[in-house]
Amino acid sequence: MTTKVGAKDSILKYGLKCRCPECGQGRLFNGFLTLAPGCEACGLDYSFADPADGPAFFVMMTMAIPATAFGVWIELAYEPSVWVHLLTTLPVMLLSCIPPIRPMKGMLVASQYFHKAEEGRFAVPHKSAA
């Protein structure tokens with residue numbers, strides 16, 4: 001007996017793995033953040049996907065407070081030179097912001113697929129014949 005996986009489970013399952021939202025087999029990306037043109041396993045065209053700046057915004061807004069708090073703590077506790085911040089705070093900021101962008105983008109693409117999201121369009125009113 002096969003169980004149908006819900007949209008929420010599929011978004012997490014395939015999005016975090018950066019796999020095709022339809023089959024779960026094909027790769028979603030060519031390179032670090034460049035979307036592939038389509039799935040090499042099932043042929044799904046990824047042209048529907050446009051997460052834009054969403055992944056970067058969500059990751060930066062989530063990680064900004066802890067990364068900044070770390071830098072402020074170092075400054076208030078030890079009053080170090082600038083080079084100490086370059087060796088401690090800068091890597092913490094980069095490591096807390098860059099690696100999560102790819103899975104976040106994968107989840108947004110999977111979410112767009114499962115919820116059939118597309119660009120909004122204005123409805124054109126029909127003219128009635130008099």
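This is a short chat about a predicted model of one protein chain.

Reader: Hi! What is the mean pLDDT of the protein chain?
Author: Hello! The model is predicted, and the mean pLDDT of the protein chain is 89, with 94% of its residues at 70 or more.

Reader: Which elements have the lowest and highest mean pLDDT?
Author: Helix H1 has the lowest, at 88, while strand E1, residues 29-30, has the highest, at 95.

Reader: Okay, how many helices and strands are there?
Author: The protein chain has four helices and two strands. Along the sequence, their pattern is α-β-β-α-α-α.

Reader: Is the chain spread out or a compact globule?
Author: The radius of gyration is 21 Å, well over the 14 Å that the globule rule gives for 130 residues, so the protein chain is more spread out than a compact globule. Its C-alpha atoms fill a box of roughly 75 × 55 × 30 Å along the principal axes.

Reader: And how many of the 130 residues count as buried?
Author: That would be 27% of them.

Reader: Switching topic: where do H1 and H4 meet?
Author: In H1, the residues involved include Ala7, Ile11, Tyr14 and Leu16. On the H4 side, Pro103, Met107, Ala110 and Phe114 are among them. By class, this contact of H1 with H4 has nine nonpolar, four polar and no charged residues.

Reader: Nice. At what angle do the axes cross?
Author: The axes of H1 (residues 7-17) and H4 (residues 101-114) cross at roughly 145 degrees and come within 8 Å.

Reader: Is that crossing left-handed or right-handed?
Author: H1 passes H4 in a right-handed crossing.

Note on methods
Residues are numbered from 1 along each chain as its sequence is written. This is a predicted model: local features need pLDDT of at least 70, side-chain atom pairs count only at pLDDT 80 or more; totals for chains, interfaces and linings use all residues. Side-chain values use heavy atoms; hydrogens and water are left out. Axes are lines fitted to C-alpha atoms, for helices over the stretch in contact, and angles run from 0 to 180 degrees between N-to-C directions. A crossing is left-handed if the near helix is turned anticlockwise from the far one by less than a right angle, and right-handed if clockwise. Contact means heavy atoms within 4.5 Å. Ala, Val, Leu, Ile, Met, Phe, Trp, Tyr, Cys and Pro count as nonpolar, Asp, Glu, Lys and Arg as charged, and the others, Gly among them, as polar. pLDDT is the predictor's confidence in each residue, from 0 to 100. The radius of gyration is taken over C-alpha atoms; the globule rule is 2.2 Å times the number of residues to the power 0.38. Buried means under 20% relative accessible area, exposed over 50%, partly exposed in between (1.4 Å probe, protein chains only).
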